[in-house]
Amino acid sequence: MSEKPKIGIYWCSSCGGCEEAIIDLNEGILDIVAAVDIMFWPVALDFKYNDVRKMEDGELLASFINGAVRLSEQEDIVKLLRQKSQLIFAFGSCAHMGGIPGLANMNDRESIFKRVYIEMESNDNPDNTVPQTESLVNGKYKAKLPEFYNSVYPLDQIIDVDYYIPGCAPQPQTILDAFTAILEGKLPEKGSVLAPNKSLCDTCPRKETKPDKLTIDIFRRPHLYDKLDDGKCFLEAGIICMGPATRSGCGERCINANMPCRGCYGPPDGVKDQGLSMMSALASIIKPDEEKDIQSVLESLPDSIVPFYMYGLPSSIMFRRKMEKE
Amino acid sequence: MTEKGFEPKIAAFVCNWCSYGGADIAGSKRLQYSPNVKLIRVMCSGRVDPQFIMEVLRNGADGVMILGCHPGDCHYIEGNYRTMKRHGMLKLLLKQLNIEEDRVILDWVSASEGEKFAKVVDKMNARITELGPLNWDKVLSRT
Amino acid sequence: MNENERAGIFLCECSKNISDRVKIEQIKEKFAALPDVDTVKITNLWCSPEGKKEMEETIKNRGLTKVIIGACSIKQHEKTFMNVLEKAGLNPYLMQMVNIREHVAWVTDNDEKATAKATAQLKAAYERVQHHQPFSKKEIDANPDVVVIGAGLAGCEAALNLASKERKVYLVDKNPSLGGQASKYESSFPALECCSCMIVPKLQEVMENPNIEFLNYSEVEDAVGFFGNFKVSVNKKAKYVIPDKCLGCNVCLEVCPVDVPNEYDDYIANRKAIYFQVTGATPFIPVIDEKNCLRFKEQDCSKCKEACMLDAVDYNDKDEKVVLDAGAIVLATGFDLFDPKQIPALNYSLDNNIYTSLQFERILSNTGPTNGKLVKRDGTMPKSLIMVHCVGSRDERYKNYCSNVCCSVLIKMSTQILEENMAQGIKITHIYKDLTIGSPGMEDMFNKLEKEGVSFIKVPNPNDISINKSGEGLAVNLNGHGPINADMVVLAPAMVPNKNAQKFIEMLMLSTDKEGFFTSTHKKIDALSTPVDGIFVIGSANYPKDITNAIIDGSCVAGKIMSQLIPGEKLEVETLISTIDEEKCSGCKTCIVVCPYKAIGFDKEKGISEINELLCRGCGTCVVACPSSAITSRHFENDTILAELGGLL
């Protein structure tokens with residue numbers, strides 16, 4: 001038996017970018033592998049769910065779970081991992097806050113199935129078949145599929161989560177810092193997000209260009225604005241940048257690529273709802289005071305979900321869109 | 001979807017300087033209005049955080065009222081203009097979330113407008129009764 | 001609640017006002033069962049002396065740590081009960097008062113619903129007080145001295161009322177002499193009293209008051225600080241005349257070779273480069289205007305110095321910069337007139353014998369360029385005169401307000417002309433929209449004019465008339481009426497804020513209303529205060545005023561300041577303010593523009609915003625604007641409000 005601590009890595013509803021983020025550690029990954037045994041990692045290693053079931057409770061020091069929970073299978077496995085792990089890390093924006101898949105909470109299962117399996121222009125589905133949890137194949141084999149839930153859940157709405165490693169995907173430094181903290185026993189208070197607690201403006205390379213009196217008289221969409229590379233604070237130009245409501249630690253990669261922050265590191269501590277906080281901030285600095293002028297500024301905002309809830313609709317106060325029926 | 005016997009749960013933010021006083025005058029004049037509207041005092045309507053509003057809607061309220069000083073009369077000069085802007089922004093969000101925008105209203109009640117206070121409360125109560133319960137907390141089961 | 005918390009709930013019957021509707025016995029039972037509730041008491045009147053005593057003793061004897069009072073409006077008794085807590089040795093902020101009278105018992109006749117509502121409101125308070133923190137009052141040292149900017153009648157009156165052995169007043173004016181616009185008037189309405197006879201003694205008092213320092217011919221360049229502690233930087237411009245030596249003999253003016261348009265005569269005449277503000281000005285000492293004096297244009301002229309018998313002219317005089325320390329600032333920056341050139345159809349021009357009301361004041365004034373003779377530009381007496389009211393006033397295209405003063409001024413000037421027989425047989429016609437003559441005695445004056453044959457022609461809007469040259473005189477077209485001919489026209493333009501006062505908006509972080517007048521804290525109940533504590537606006541800087549009201553403003557503001565800024569006493573500052581958590585602020589600057597009191601600044605070194613505790617009033621709008629939850633408003637923290645909301649529903 002190895003003396004090294006054991007860890008598990010699992011993915012739920014995600015794009016695979018979080019797995020890539022681990023690979024992106026480059027030679028850093030060798031240090032991790034040298035320090036721990038990876039006991040479960042469906043993307044990379046051939047372990048079965050049954051191998052996990054056979055483990056003792058708490059046998060894994062930590063499990064790193066990325067992706068949001070959308071399927072019954074995911075719920076089953078994360079609950080299993082919770083049982084077998086001393087610590088659970090929600091890894092990446094989707095596990096942390098629901099992530100981009102969380103935007104599906106603007107719809108429900110029925111409307112998603114209808115669009116994807118029935119209405120989609122490229123489909124050939126004359127019988128209007130939609131996924132079933134059970135079906136008979138060739139009239140005799142019972143095939144089972146996991147259940148597709150009505151909503152997308154961040155990990156902590158399904159199981160107890162000890163720590164959060166934020167980001168879409170988490171930056172190598174964020175991951176390495178987390179590993180170091182685990183191995184050196186320097187983890188902060190349970191429930192912490194393992195990234196700085198100041199928002200992104202703190203480290204933003206464009207901070208110096210911010211005017212003292214920041215006001216907005218029009219909202220602009222990044223792809224329709226030709227001065228993204230002028231090095232100036234995006235908000236001044238009316239480009240929605242989630243930086244003020246988003247935890248720093250990402251290395252400002254979007255800003256350095258002349259794109260505004262979209263909020264993947266989530267809000268700093270104490271912010272209940274990242275999107276509402278940012279909306280409230282922006283609304284507060286709308287310049288005109290006359291009702292009709294305020295309205296015309298607001299009309300320049302094409303959408304109030306995607307710019308503010310790109311990563312966090314399921315973990316927001318709202319959780320999801322209200323649907324017509326129960 | 002009006003339900004029989006439905007009594008809306010409504011929270012009304014009142015600012016310390018105008019609308020709280022308006023509610024006082026409504027009382028002094030013994031004006032009768034819907035008792036199911038509950039009051040919460042803040043110093044300025046500008047202290048009303050959109051997060052508070054969504055939080056109460058998510059936790060069982062069927063409607064929220066924000067009552068402040070009339071534009072130009074804010075005790076804090078322009079707090080109510082900020083509220084106006086935030087409320088405008090919040091309405092866009094409510095629309096996309098499929099929540100009737102009448103569930104969150106912003107109105108102005110001065111410290112002398114007892115009648116107006118009673119009137120806007122009753123109007124809100126009637127509108128929310130018409131809209132029915134929000135039922136947001138149990139909109140969808142997991143499966 | 002936390003361990004060791006002992007909450008006391010005090011429910012008031014209010015002599016049945018509450019208990020007849022709200023079943024407070026039921027509520028008592030319900031709340032007594034809640035965790036950490038030590039005491040629930042009901043009494044007839046908690047605000048009575050016995051009630052207060054019982055509450056105080058209960059707090060002490062039971063060792064209560066939080067208090068909830070279900071009674072009447074906070075507007076009636078919050079202070080009362082805060083005092084009770086203080087007497088009982090409990091911080092007054094550890095209390096929440098719930099209005100179950102005006103907001104509950106009196107607004108429904110349904111006992112059950114009233115009881116339910118009272119229960120919910122009290123439950124909200126119960127949840128809320130768990131988050132209450134103690135706060136203590138903060139006091140700062142304050143300087144009782146006052147800087148008054150603008151030495152017109154409002155400013156002088158304020159200075160005279162404020163100045164005392166314990167309070168110095170610095171009266172600053174950009175002009176050489178006291179009196180402002182009123183120093184140009186010959187007479188005042190309604191009694192046609194000689195203006196200078198009336199005001200000069202007052203101005204002399206200012207000069208002689210040992211506790212008033214008049215900084216004339218001086219510009220305010222900067223002001224920093226807050227109520228109790230302002231620093232005002234002033235540039236005392238070089239005057240080139242030594243006040244102690246000059247007697248005001250006029251000899252220097254006679255020899256000066258320069259002629260420039262005289263701003264103090266509203267440009268209807270010229271003055272010299274060495275000049276008095278007006279004849280008989282206080283102080284009556286000339287200054288040299290270095291913009292126009294030949295010496296300062298590299299020319300060799302020393303005529304004035306040579307003429308002066310007292311050696312009072314000193315070409316080496318220098319600007320002097322001083323910093324004044326004061327606890328309050330009074331802005332008495334006065335008014336200008338709307339420029340009638342903005343309405344081209346009026347063809348306003350002196351050459352056309354069309355004057356503004358202020359220019360006409362100078363014509364009628366004994367100290368004016370015509371020595372009080374009513375004559376046209378060519379020196380002949382007019383036979384007919386038209387006075388046009390409301391020029392640029394009460395009209396959305398220009399200034400959409402009434403200046404209150406102009407109708408009375410035109411009526412006064414007409415009366416003056418007739419009474420003093422300034423132009424034998426002159427025909428005077430007024431063109432007006434409505435007459436605003438609310439001052440005492442004005443109605444009599446108007447009636448008398450009508451009897452004496454002065455015509456008053458009502459038109460829908462005097463701004464729609466046109467004035468054109470016609471032969472030797474002028475033809476006034478009234479849209480529909482045939483033209484009326486006149487030798488002279490006097491326009492009464494709207495009073496607008498003094499353009500020189502614009503700089504104070506930015507400097508003192510003030511704002512203006514849509515007409516450009518300084519914004520008051522409240523238009524009605526606190527019209528002289530501004531949103532910036534310690535800065536006041538009086539006279540026509542506040543809104544167009546006549547002499548009476550300008551002087552009233554001066555007295556009133558003195559009262560306000562004297563009651564707030566007491567020599568030797570500290571100044572209490574707002575307790576329930578907002579604070580920024582340095583660990584969380586990332587310097588996004590959203591809050592800065594949001595603050596109505598400009599209390600938030602940016603600390604460049606730390607890269608974060610900071611709140612000036614002395615300027616913050618605790619409205620909490622910055623808390624809502626802060627996208628990273630770095631700002632907290634005392635007593636109204638997010639968690640506190642959310643807890644209250646949780647209890648409410």
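Here is a short chat about a predicted model and its chain A.

Biologist: Hi! What should I know about the conventions?
Modeller: This is a predicted model, where local features need pLDDT of at least 70, side-chain atom pairs count only at pLDDT 80 or more, and totals for chains, interfaces and linings use all residues. Residues are numbered from 1 along each chain as its sequence is written, chains are lettered from A and ligands numbered from 1 in the order written, and side-chain values use heavy atoms, leaving out hydrogens and water.

Biologist: Thanks! How many helices and strands does chain A have?
Modeller: Chain A has eleven helices and nine strands, taken as DSSP runs (helices H or I, at least four residues; strands E, at least two).

Biologist: And what are its spans along the principal axes?
Modeller: The C-alpha trace of chain A covers about 65 × 55 × 30 Å.

Biologist: How much of chain A is buried?
Modeller: Buried residues are 52% of its 326, with buried meaning under 20% relative accessible area (1.4 Å probe, protein chains only).

Biologist: Switching to cores, which residues have the most contacts inside the largest nonpolar one?
Modeller: Met54(B) and Phe360(C), in a core of 179 residues. Such a core is a set of buried Ala, Val, Leu, Ile, Met, Phe, Trp, Tyr and Cys residues joined through side-chain atoms within 4.5 Å.

Biologist: Nice, so what does Met54(B) touch?
Modeller: Not counting residues up to four places away in sequence, its contacts (heavy atoms within 4.5 Å) include Leu276(A), Ile317(A), Met318(A) and Trp136(B).

Biologist: Which residues are in the second core?
Modeller: That separate core of 67 residues includes Ile9(C), Ile59(C), Leu85(C) and Phe135(C).

Note on methods: Buried means under 20% relative accessible area, exposed over 50%, partly exposed in between (1.4 Å probe, protein chains only).
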